[in-house]
Amino acid sequence: MDNHHYKLAVAGTGYVGLVAGVCFAEMGHQVTCVDIDEQKVAQMRQGISPIYEAGLQQLMQKNYDEGRIQYTTDYQSAYKDADAIFIGVGTPEKPDGSANLTHIATVARQIAESIENDCLVVVKSTVPVGTNDKVEQFIQDFLVRDVKVEVASNPEFLAQGSAVHDTLYAERIIIGTESEWARALLTSIYEPFDLPIVSVNRRSAEMIKYASNDFLALKISYMNDIANLCELVGADISDVARGMSYDPRIGSKFLNAGIGFGGSCFPKDTKALAYLAGQNGYELRTVRAAIDVNDAQKTMLYKKASERHITLNGLKIAVLGLTFKPGTDDLREAASLVNVPLLLEQGANVVAYDPVGMDNFAKLYPAGAHGNGTMTYASSSKEALDGANVCFIFTEWDEFRALSPAIFTEKMWTPLLYDGRNLFDIADMRKAGVEYHSIGRQP
Ligand code: UGA
């Protein structure tokens with residue numbers, strides 16, 4: 001293709017792969033996205049995004065209409081003459097905390113069997129340090145034709161809910177390569193984005209991804225740890241965080257204490273790095289601590305509520321927020337997935353509301369009886385609060401933040417609120433007559 005426009009293939013159309021593919025197309029490259037799921041491919045061909053992500057659907061449609069992006073299950077034709085193939089398939093966590101690399105291996109093998117030209121294979125999926133050396137060896141072992149193939153590491157830093165924006169306006173692009181050919185090609189592919197590029201070797205690139213995510217997870221767990229102490233000694237974590245944030249060495253982001261971090265990345269990546277350390281005979285104590293604090297944090301409010309009542313059995317409990325954060329329908333490692341089963345086990349009648357997460361939650365916990373408890377879904381926060389004895393907030397959706405404190409007294413049987421996201425002003429809640437428990441602040 002011309003100087004800066006390349007023929008690219010992307011393996012996997014989850015968050016990482018699909019968003020990367022669409023953004024590469026937006027930058028003028030010719031992109032083919034490959035997925036094994038025929039139904040998903042058919043859906044994407046109609047311009048329908050399989051994931052809920054701001055701005056994605058419009059960009060999919062635009063680049064499809066303008067002929068720069070295609071979707072297929074036929075990996076062979078997508079890979080055979082690609083200049084570069086980006087791998088964005090999942091690396092789910094195994095029970096021991098290590099990463100499951102079977103999807104990567106499957107794609108690597110398909111690439112080895114398909115490519116007819118020299119090709120750079122770029123791994124975007126988060127993989128343990130050293131994996132890309134093995135991916136390169138694996139492809140070379142199975143290579144059918146006499147072509148040059150190299151593997152580069154190009155970790156992804158997008159967050160769910162702002163994935164398109166994070167990709168188009170990333171703070172940095174990390175490129176991990178082992179040859180000048182690979183470095184120059186990948187740099188050239190990213191040139192139209194006009195973003196800072198940090199070029200390092202492959203293992204450092206792999207480590208940058210884990211070290212960055214685990215640092216952010218550590219920051220959250222640190223704030224949660226301090227928040228718990230604040231409660232005991234009469235301080236307020238929101239004020240403490242505000243005071244800390246003026247120091248640029250600390251920064252103002254990711255200082256929000258809450259019900260713990262969830263999602264598909266921090267829980268998995270903290271465990272994976274701790275596991276990698278263990279495999280190398282080293283104990284990564286800071287990251288272990290971040291994991292332990294987070295595990296305890298998720299049930300912090302449940303424990304408080306259990307101590308406050310003789311029993312939760314038969315109580316109507318409103319749950320506002322099911323997703324692991326706002327702006328997504330993703331439930332992975334969400335606080336709701338730990339707390340709702342505990343509430344049901346205790347025989348509570350849970351009435352849940354979430355602006356987009358209810359369908360996914362209902363697949364796991366359909367409306368109806370669950371042991372001694374029951375599960376119901378409401379069509380609004382107000383409906384969920386109606387007649388409730390207790391309310392838990394697990395996700396900081398703006399529409400919850402916008403609720404007036406008076407709603408809790410008007411709608412609930414007893415205005416008793418456990419807010420896992422510190423959405424409200426304590427004084428406002430007191431004035432409205434709500435018994436308000438939050439994280440790291442005085443009740
Ligand atoms: C995270 C990182 O932010 C991205 O940079 C990274 O690329 C991504 O993982 C990944 O590895 O793919 P994500 O999991 O989508 O992105 O979501 P975040 O916005 O980081 O939130 C993660 C969790 O931390 C959420 O449960 C959120 O509620 C919690 N959180 C975040 C806090 O409890 N406090 C904070 O101050 C910030």
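With 22 C-beta neighbours inside 10 Å, Asn422 counts as buried, where buried means 20 or more other C-beta atoms within 10 Å of a residue's own, exposed means 12 or fewer, partly exposed is in between, and C-beta atoms are placed from the backbone. This is a predicted model, in which local features need pLDDT of at least 70, side-chain atom pairs count only at pLDDT 80 or more, and totals for chains, interfaces and linings use all residues. Residues are numbered from 1 along each chain as its sequence is written.

**Positive phi values**

- Asn422 has a phi near 50°, which is positive although the residue is not glycine.
- The loop between β14 and α19 (426–432) holds Asn422; helices (H or I, at least four residues) and strands (E, at least two) are DSSP runs, numbered from the N terminus.
- Phe254 also has a positive phi, near 60°, and is a residue other than glycine.
- For context, most residues other than glycine have a negative phi.
- Phe254 sits in the loop between α10 (237–245) and α11 (266–279).
- Phe254 counts as partly exposed because it has 15 C-beta neighbours inside 10 Å.

- Strand β9 (residues 316–320) runs parallel to β13 and is joined to it by four bridges; two strands pair if DSSP finds at least two bridges between them.
- Across from Ile393 in β13 stands Leu320.
- Strand β14 (residues 416–419) is also parallel to β13, with three bridges joining them.
- Leu417 in β14 is the bridge partner of Cys391.

- In strand β5 (residues 119–123), five of the five residues are buried.
- Cys119, Val121 and Val123 lie on one side of β5, and Leu120 and Val122 on the other.
- Strand β4 (residues 84–87) pairs with β5 in the parallel sense over four bridges, and Ala84 stands opposite Leu120.
- Strand β7 (residues 173–176) points Ile173 and Ile175 one way and Ile174 and Gly176 the other way, and all are buried.
- β7 and strand β8 (residues 197–200) run parallel, joined by four bridges.
- Ile174 has Val198 in β8 as its bridge partner.

**Nonpolar core and buried contacts**

- The largest nonpolar core has 131 residues; such a core is a set of buried Ala, Val, Leu, Ile, Met, Phe, Trp, Tyr and Cys residues joined through C-beta atoms within 7 Å.
- Ala84, Ile85 and Cys391 have the most contacts inside this core.
- Not counting residues up to four places away in sequence, Ala84 touches Tyr6, Leu8, Cys119, Leu120, Val122, Leu185 and Ile189; residues are in contact if their C-beta atoms, placed from the backbone, lie within 7 Å.
- Ala112 belongs to helix α5 (residues 102–114), and it is buried because 20 other C-beta atoms lie within 10 Å.
- Beyond its neighbours within four places in sequence, Ala112 is in contact with Ile139, Phe142, Leu143 and Val144.
- From C-alpha to C-alpha, Ala112 and Tyr282 are 35 Å apart in space, and they are 170 residues apart in sequence.

**Domains**

- The domain assignment gives domain 1 (7–200), domain 2 (209–296) and domain 3 (298–437); such bounds come from an automatic or database assignment.
- The centres of domain 2 and domain 3, taken over C-alpha atoms, are separated by 24 Å.
- Domain 2 gives 12 residues to the contact and domain 3 gives 15 residues.
- On the side of domain 2 that touches domain 3, helix α12 (residues 285–297) gives the most, with three residues.
- That side of domain 2 divides into four nonpolar, seven polar and one charged residue; Ala, Val, Leu, Ile, Met, Phe, Trp, Tyr, Cys and Pro count as nonpolar, Asp, Glu, Lys and Arg as charged, and the others, Gly among them, as polar.

**Ligand shell**

- The ligand is surrounded by 20 residues, the closest being Ala159, Asn256, Phe261, Gly263 and Cys265; a residue is near a molecule if its C-beta atom, placed from the backbone, lies within 6 Å of it.
- Helix α9 (residues 202–233) gives the largest share of the shell, three residues.
- The shell has 11 nonpolar, seven polar and two charged residues.
- The ligand lies between domain 1 (7–200) and domain 2 (209–296), because both give residues to the shell.

Methods:
Two residues are in contact if their C-beta atoms, placed from the backbone, lie within 7 Å.
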